[in-house]
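Welcome! Here is a short tour for a first look, starting with the aromatic rings and then moving on to a strand and its neighbours.

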Amino acid sequence: MENKIWLSSPHMGGNELKYINEAFAENWVAPLGPNVNGFEDDLEQFLGSNVKVAALSAGTAALHLALIECGVQHDDEVICQSMTFSASANPIAYCGAKPVFIDSEPDTWNMCPKALKEAIEDRIKNGKKPKAIIVVHLYGMPAKMDEISAIAEEYQIPVIEDAAEALGSSYKGRGCGTFGRFGILSFNGNKIITTSGGGALVCHTREDKDKAVFLSTQARDNAPHYQHSHIGFNYRMSNIVAGIGRGQMEVLKDRVSARRAMHDFYVEIFKNINGVTVFTEPGNDYYSNHWLSAIIVDPEITGKDRESLRLAFLEDNIESRPLWKPMHLQPVFEKAPYYGTNVSEKLFDNGLCLPSGSNLSDEERVRIAQVITSYFQS
Ligand SMILES: *Cc1c(COP(=O)(O)O)cnc(C)c1O
């Protein structure tokens, strides 16, 4: 059997261990220390727009704190993009609130502004104005932020940007994660950079960041003894993990270039295969980090389907994966309201994510190309 080719695997830069060794040398083996501060500084500089970043234990934790800071409480409604990973929606349930799911539009595969407006008006008519809007930049592709921000502004509802997959992406030159009242990032093992596991909350004021740090460290009041007037969480990032993050930040730009080159590689392969489209920016306003490259296989034109292509890859020990299954189709969110047509359902039926790692070798690319070519010739 050939070596396994992963969809997306960790890719160390080299200096991660240097930062970890410093932490050991100075005994900063704790959920605070110079690496945590340094990693936050690196992220703030990279994102620009004067953001303040709180490093946390996971992107999911960051979303949870963002919802709390937006005042989401039991029985509130929160709007969420349907086509996403479950981690975008689960924190709504942690708050005892109810998700309202929104379809995608076909250009960016992200939240459809038309369906968003329809949903807000309908929920208000039903007696409940949604407390927040969670928009996702799927696979690194920026959502239609101008349209979405304008609607959010009109109804005065805060936007939380799930940029877990979109560090290094931008819309009209501005970094994904910096548009909303809050943005969240993830450094899980399969993301564009990893800390083995971790996340961050992107804020716009010192107060919002301080509150996130306070809540993530068990909400200790200012007193010599342990005194609490809020429910806290254990969500802060460890100084060891943050050392990995500092090493990864040194190579983030290279990682974005390599992922974008993988996208170009697939564009080249598929340009002569009728009925397959590679997921690409809809215009110059959009700059995707192409965290994952993805394709849509039109069964009518190709006479094939994405599932048999997935199995052909598997036979050669190559991992590929259907697009995210929309949340409104998930058993766990069966009863949640949904607004839209069937854009996300069609994407799920016909879409496939392809190996996209920044660490793939030329030999591995040859293997991938061979599977695709022979599959579409047969
Ligand atoms: C990975 C991911 C998350 C969750 O991040 P974790 O750090 O794994 O908790 C949230 N949303 C999306 C869209 C993701 O891809």
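Rings of Phe, Tyr and Trp (its six-membered ring) count as a pair if their centres lie within 6.5 Å, and planes over 60 degrees apart make the pair edge-to-face. In this predicted model, there are 13 aromatic pairs. Two of them share F376, and the table sets them side by side.

| Ring pair | Distance of centres | Angle of planes | Arrangement |
|---|---|---|---|
| F270 and F376 | 6.2 Å | 85° | edge-to-face |
| Y375 and F376 | 4.8 Å | 90° | edge-to-face |

F270 belongs to helix α9 (residues 252-270) and F376 to helix α13 (residues 362-377), so this pair links distant parts of the chain, 106 residues apart.

Elsewhere, ring pairs join F85, W109, Y139, F279, W291 and W324 into a cluster. Charged side chains meet rings too: the charged end of K4 sits over the ring of W6, 4.4 Å from its centre, while R220 lies over the face of Y226, 4.0 Å from the ring centre.

Now for strand β5 (residues 159-162), which is covered on both faces. V159 and E161 point to one side, I160 and D162 to the other, and all four are buried. Strand β4 (residues 133-136) runs parallel to β5 and is joined to it by four bridges, with I133 opposite V159. Together with helix α6 (residues 145-155), β4 and β5 form a right-handed β-α-β unit. β5 also pairs in parallel with strand β8 (residues 182-186) over three bridges; there, G183 is the bridge partner of E161.

Methods: Residues are numbered from 1 along each chain as its sequence is written. This is a predicted model: local features need pLDDT of at least 70, side-chain atom pairs count only at pLDDT 80 or more; totals for chains, interfaces and linings use all residues. Side-chain values use heavy atoms; hydrogens and water are left out. Buried means under 20% relative accessible area, exposed over 50%, partly exposed in between (1.4 Å probe, protein chains only). Helices (H or I, at least four residues) and strands (E, at least two) are DSSP runs, numbered from the N terminus. Two strands pair if DSSP finds at least two bridges between them. A crossover is right-handed if, with the strands pointing away from the viewer, the path from the first strand over the helix to the second runs clockwise. Rings of Phe, Tyr and Trp (its six-membered ring) pair if their centres lie within 6.5 Å; planes under 30 degrees apart count as stacked, over 60 as edge-to-face and the rest as tilted. A charge sits over a ring if NZ of Lys or CZ of Arg is within 6 Å of the ring centre and within 35 degrees of the ring normal.
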